[in-house]
Amino acid sequence: MTFVDGPVTVRTPASSANLGPGFDALGLALTLYDEITAEVLDEPGLEIEVSGEGERDVPRTSDHLVVTAMTATFDLLGERPPGLRLACANAIPHGRGLGSSAAAIVGGIALARALVEGSASRLDDRAAFQLAVDLEGHPDNVAAAMFGGLTIAWVDGAAAEVQRLDTAVQVTAFVPSVAVSTEKARGLLPETVPHRDAAVNAGRAALLVAALTVAPERLIWATEDRIHQTYRADAMPESYKLLRQLRVEGIPTIISGAGPTVLSFARGVADRVPEGWSVLELDVDTEGARTL
C-alpha cells in the first residue's frame, strides 16, 4: 500500500438528525464545517492539534474520534501508516445535536481514504458508509455528513442503506451554551410508545420528505413529533420551551438530533434567541464530506 506525500485536508459538514418525526432515519447536512488535515509520517508517533470547538476537552491520543475512524479505515485497506500528524479546526459545537461525532467519523474515514493511493477501488462509498454507521451506531447523521443534502438512512439486517435527496431549505439554529449527551437523551426514551403516536409520526415523516423537497408550505405539520422530543424535555427544559414557543407562532421548529439545539426552518427569527444562546443561520450543504 502506498501513502500519498504531503498533507490532505477534508471538510465535513454539521448535520441535524430526526428533523422532528424522522427518528434515527432523516438527516440534513448544514453549512457549518470542521476541517481536518492529516499527514503520514515516516517515523512512528501521533501528533494532534485541535483548535476551535472542543480544543480544551478532546483527547490528543489514539482515542481521538478522528484517529479511531482513520485507524478503522486503514485496517480495512490493509495497512496502517508508520506515524500520523493531525490538525483539527472545529466549528461544529460538541454535544449540541449538530452531528459533531458524525463529522469526526466521516472526516476520519475520508482522510484515510485520501491518504492511500487507489483506495477507491478497495473501499468504495458504500463500504465507507457502512463503516461510518458501524462506528457511530446509527445512520442518520453520518449519512448527511457523508453525502450532503437531505438523507433517508436505514439498516437492513446489518447493511446500512441511504437515499439522498436535494432540498433548498434554510434554517436558523439556536444553540445553548450547555451540552446534553446523546446517551443521556436516549436514556429518557421509553421502550414502547402508543400506537396512535407511532401512526402520527409515520404520517408526518412521510409528509416531511415532501415538505423538504416540493411542498415547504407543509413544514409546520410535517415537523410534528410524538415519539422522542417530549420525552426528552426534562433534560433540556429551555430548549423545549423555545420549541413550543416557536411552533405556537407557526414557525416549523424541531429539536436538532438529541438536542439541545433548536432548529427552525425559517429565517428572520434570530430575535427569539434566549439570553446566553448563540444563533446560526445556515443553508443546506449539498456536497457532504470532501477533500479540499
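Which residue of strand 10 is the bridge partner of Ala173? In this predicted model, for which local features need pLDDT of at least 70, side-chain atom pairs count only at pLDDT 80 or more, and totals for chains, interfaces and linings use all residues, that partner is Leu280. Residues are numbered from 1 along each chain as its sequence is written, and side-chain values use heavy atoms, with hydrogens and water left out.

The pair Ala173 and Leu280 belongs to the antiparallel pairing of strand 7 (residues 171–175) with strand 10, which extends over five bridges; two strands are taken to pair if DSSP finds at least two bridges between them, and helices (H or I, at least four residues) and strands (E, at least two) are DSSP runs numbered from the N terminus. Both strands are part of an open, antiparallel sheet of four strands in the order 8-9-7-10, with strand 8 (253–255) and strand 10 (278–282) at the edges, each pairing on one side only. Neighbouring strands of this sheet are turned by 20 degrees against each other on average, direction ignored, where axes are lines fitted to C-alpha atoms, for helices over the stretch in contact, and angles run from 0 to 180 degrees between N-to-C directions.

Helix 8 (residues 237–248) packs on the sheet, touching strand 7, strand 8 and strand 9 (262–264), and its direction makes about 165 degrees with that of strand 8; contact here means heavy atoms within 4.5 Å. Ser239, Tyr240, Leu242, Leu243 and Leu246 of helix 8 are buried, whereas Lys241 and Val248, on the other side of the helix, are exposed, with buried meaning under 20% relative accessible area, exposed over 50%, and partly exposed in between (1.4 Å probe, protein chains only). The buried residues of helix 8 pack against strand 7, strand 8 and strand 9. Just after helix 8, Gly250 takes a positive phi of about 85 degrees, and in the loop between strand 8 and strand 9 lies Pro260, whose peptide bond from Gly259 is cis, with omega near 5 degrees.

Most residues other than glycine have a negative phi, and most peptide bonds are trans.
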